[in-house]
Amino acid sequence: MLEDRTAVSSPTEWPAAYPQGDAVVDVETTGLARDDRIISAAVYRLDARGEVEDHWYTTVNPERDPGPVWIHGLTSEALEGAPLFQDIAAEFAARLAGRVLVAHNAVFDWQMIAREYARARSEAPVKHRLCTIALSKELRLPLPNHKLETLAAHFGVVQRRAHHALDDARVLAEAFRPSLRAAAAGGLRLPLHECRPLTEWQDRPAPLIGRQAGGSPGGGYGGYGGQRGGGWRPSRRRPACPYPNPGRYEVGKPLKQGMRVAFSGDTSVERELLEDRATEAGLHVATSLSRLTSLLVTNDPDSGTSKVVKARQYGTPIVDEAAFGQLLGDVEPADA
């Protein structure tokens with residue numbers, strides 16, 4: 001049994017600002033890209049102090065190739081009779097409702113979940129997420145790296161089946177409890193980030209389930225989320241912006257064609273659609289941020305991502321998605 005050496009001595013010392021409940025989540029997927037699908041999901045519901053209330057697990061039929069079987073162990077045959085995501089969406093939502101979503105590399109799990117709900121024309125009832133990687137950094141835990149197995153070993157948690165959603169969620173729940181109590185004992189502000197459900201989604205065709213690489217059952221791709229056969233995920237190389245960069249965006253003025261725009265974090269409109277609209281308006285969509293960037297669009301300006309940090313350093317203006325959407329409606333033509 002894990003010895004809890006970080007318990008708060010008195011209930012009155014527990015920070016009032018802390019969430020009243022958490023949902024520790026792990027999802028296994030067909031890959032790491034925007035078009036990949038969830039094939040299994042697990043949720044451990046915790047009370048305010050991190051004690052387990054219950055847990056839930058399901059496999060999900062992705063209606064396509066299961067991807068890196070050698071990692072998650074779920075073959076086409078194993079998933080053939082599993083429910084579709086829309087069939088488990090209500091139960092999954094009930095497990096998440098009113099709680100903070102806790103995950104290891106939480107932005108990935110949240111984005112996969114948000115996309116699945118968008119495909120199902122619904123929304124996950126999640127307002128905030130907490131990444132246990134970010135929490136371990138805030139606690140300054142002496143970890144050589146930020147892998148889940150490393151965090152588990154630090155707290156003496158035994159991992160039984162790595163990359164199995166239920167066991168990974170259990171391991172994370174057990175490691176999260178002492179982390180949460182250490183944060184409470186030190187009066188640490190939890191690194192919570194807002195979750196924005198997708199309001200628009202556009203999917204691409206994908207190979208049907210059972211078409212694994214090389215045609216062999218249980219086979220796999222050359223890389224998790226890497227290049228795959230069949231050309232089903234074409235590269236989207238945007239044409240070069242035909243307009244010169246007019247410089248930084250100035251608050252209160254319109255955007256001008258040629259301005260370089262970068263994006264960071266969750267967006268309620270699916271990122272690629274938002275980038276398409278920016279390109280159509282004559283803006284230069286940049287994948288990184290530099291001194292030449294005219295504007296950074298993010299809904300979480302306090303996230304501390306590399307783009308946000310650079311924007312602060314360079315003095316690059318920052319606006320949220322809603323403001324950017326309004327600016328897109330009136331982009332000034334480039335100078336002749």
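## Arg248: setting

Arg248 is partly exposed, at a relative accessible area of 30%. Buried here means under 20% relative accessible area, exposed over 50%, and partly exposed in between (1.4 Å probe, protein chains only). This is a predicted model: local features need pLDDT of at least 70, side-chain atom pairs count only at pLDDT 80 or more, and totals for chains, interfaces and linings use all residues. Residues are numbered from 1 along each chain as its sequence is written, and side-chain values use heavy atoms, without hydrogens and water.

Arg248 sits in the loop between strand E6 (192-194) and strand E7 (260-264). Helices (H or I, at least four residues) and strands (E, at least two) are DSSP runs, numbered from the N terminus.

## Arg248: partners

Leaving out residues up to four places away in sequence, Arg248 touches Met259, Arg291, Thr293, Ser294, Tyr314, Gly315, Thr316 and Pro317. A contact means heavy atoms within 4.5 Å. Ser294 is 46 residues from Arg248 along the chain, yet their C-alpha atoms are separated by 4.0 Å.

The Arg248 side chain reaches two backbone oxygens: that of Thr293 at 3.2 Å and that of Tyr314 at 3.0 Å. Both are polar contacts (N or O pairs within 3.5 Å; within protein, one atom must be able to donate a hydrogen and the other to accept it, and residues adjacent in sequence count only if both atoms are side-chain atoms).

## Asn61

Asn61 lies in the loop between strand E3 (52-59) and helix H1 (69-72). Asn61 counts as buried because its relative accessibility is 10%. Its side chain reaches the backbone nitrogen of Glu63 at 2.8 Å. A polar atom of the Asn61 side chain also lies 3.3 Å from the backbone oxygen of Glu80.

## Helix H4

Helix H4 covers residues 106-119. Its 14 residues should span 20 Å at 1.5 Å a residue, and the end C-alpha atoms are 20 Å apart, which agrees. The expected span is 1.5 Å times one less than the number of residues.

H4 is largely enclosed by the rest of the structure, because 12 of its 14 residues are buried. Among them are Phe108, Trp110, Met112 and Tyr117. The buried residues pack against strands E1 (21-29), E2 (38-47), E4 (100-103) and E5 (128-131), and against helix H3 (85-96). Arg121 follows H4, with a positive phi near 55°.

## Confidence

The protein averages a pLDDT of 87, and 86% of the residues score at least 70. pLDDT is the predictor's confidence in each residue, from 0 to 100. Over residues 209-235 the pLDDT is below 50; this stretch has 64 contacts in the model beyond near neighbours in sequence.
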